[in-house]
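Welcome! Have a look at the structure below, and then let us walk through it together, topic by topic.

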Amino acid sequence: MSTIKLIQGSAVEQQADAVVNAANRYLTAGGGICGAIFAKAGYAKLQQACEQYKTPLRDGDAVITPAFGISNAKAIIHAVGPNFSETPKAFQELQAAYYNSLKVLMENGLHSIAFPLISSGIFGGNLPNPVAVSVESCCKAYQAFEKDYPQADVEVLLCVFSRREYQTALNTFESM
């Protein structure tokens, strides 16, 4: 029923019901995938939609907005990954960001989702291998979601933006 696939590419460019924004607690535009999503969706409209939520959100929270100018998706799910510089052992929160995104997807009648590697860039802090940690967290969240919702039919694309990081991600993904 449900599937998970690792691909090399940008989450914002994938054909999916929802693309995931690696969001900050205040749901404001940032760099990396967050900046790309705000740019493609349209900064003003997306910021106005994000302002409807009471912030700051907690690490692990996920909320949904329309996709606006992102024509390859119906919605944006904003997942708040932990900043490992501030919370160096926030592994449960990272897994929760993935898991809660899957719940939001399902609760909104959507079936496919494109994830970036949440908390693997600047939020990776001093983790020795933030790519591997993010891939492992996504896989564990997916496995827990499948167990909790065996009738769910979701297609998960876990997207690794850089070629340099893809081999590390693939090794971790295959070991899960």
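A residue is called buried when its relative accessible area is under 20%, exposed when it is over 50%, and partly exposed in between (1.4 Å probe, protein chains only). By that rule Ser137 is buried, with a relative accessible area of 7%. Please keep in mind that this is a predicted model, in which local features need pLDDT of at least 70, side-chain atom pairs count only at pLDDT 80 or more, and totals for chains, interfaces and linings use all residues. Residues are numbered from 1 along each chain as its sequence is written, and side-chain values use heavy atoms, leaving out hydrogens and water.

**The sheet**

- Helices (H or I, at least four residues) and strands (E, at least two) are DSSP runs, numbered from the N terminus.
- Two strands pair if DSSP finds at least two bridges between them.
- In what order do the 6 strands of the open sheet run? The order is S1-S6-S5-S2-S4-S3, and the pairing is mixed.
- Strand S1 (3-8) and strand S3 (62-66) stand at the edges with a single partner strand each, so one side of each has no neighbour in the sheet.
- From one strand to the next, the twist averages 25°. For such values, axes are lines fitted to C-alpha atoms (for helices over the stretch in contact), and angles run from 0 to 180 degrees between N-to-C directions.
- Strand S2 (residues 18-23) pairs with strand S4 (residues 75-80) in the parallel sense, over 6 bridges. Within this pair, Asn21 has His78 of S4 as its bridge partner.
- S3 and S4, by contrast, pair in the antiparallel sense over 5 bridges. Here Pro66 has Ala75 of S4 as its bridge partner.
- S3 is mostly covered, as 4 of its 5 residues are buried.

**Helices and their packing**

- Two packed helices are described by the angle between their axes and the distance between the axes.
- Helix H1 (residues 32-41) packs with helix H2 (residues 43-50) at an angle of about 110°, and their axes are 6 Å apart.
- H1 is therefore roughly perpendicular to H2. Angles of 65 to 115 degrees get that name, while those under 35 count as roughly parallel, those over 145 as roughly antiparallel and the rest as oblique.
- Which residues make the contact between H1 and H2? Ile37, Phe38 and Ala41 take part from H1, and Tyr43, Leu46, Gln47 and Cys50 from H2. Contact means heavy atoms within 4.5 Å.
- These contact residues of H1 and H2 divide into 6 nonpolar, 1 polar and no charged. In this grouping, Ala, Val, Leu, Ile, Met, Phe, Trp, Tyr, Cys and Pro count as nonpolar, Asp, Glu, Lys and Arg as charged, and the others, Gly among them, as polar.
- Ser137 lies in helix H4. Leaving aside residues up to four places away in sequence, Ser137 touches Phe91, Leu94, Gln95 and Tyr98.

**Loops and backbone details**

- Most residues other than glycine have a negative phi, and most peptide bonds are trans.
- The peptide bond from Thr55 to Pro56 is cis, with omega near 10°. Pro56 lies in the loop between H2 and S3.
- Phe68 is not a glycine, yet its phi is positive, near 50°. Phe68 sits in the loop between S3 and S4 and counts as partly exposed, at 34% relative accessibility.
- Ser119 also has a positive phi, about 60°, without being a glycine. Its place is the loop between strand S5 (112-115) and helix H4 (130-148), and Ser119 is buried, with a relative accessible area of 6%.
- Asp59 is in the loop between H2 and S3, and at 19% relative accessibility Asp59 counts as buried. Not counting residues up to four places away in sequence, Asp59 touches several residues, including Arg25, Val80 and Glu93.

**Cysteines**

- A disulfide is a covalent bond between the sulfur atoms of two cysteines. The cut-off used here is a pair of cysteine sulfur atoms within 2.5 Å.
- How many disulfides does a search of the whole structure find? The search finds 0.
- Cys138 is buried, with a relative accessible area of 2%, and Cys159 is buried at 3%.
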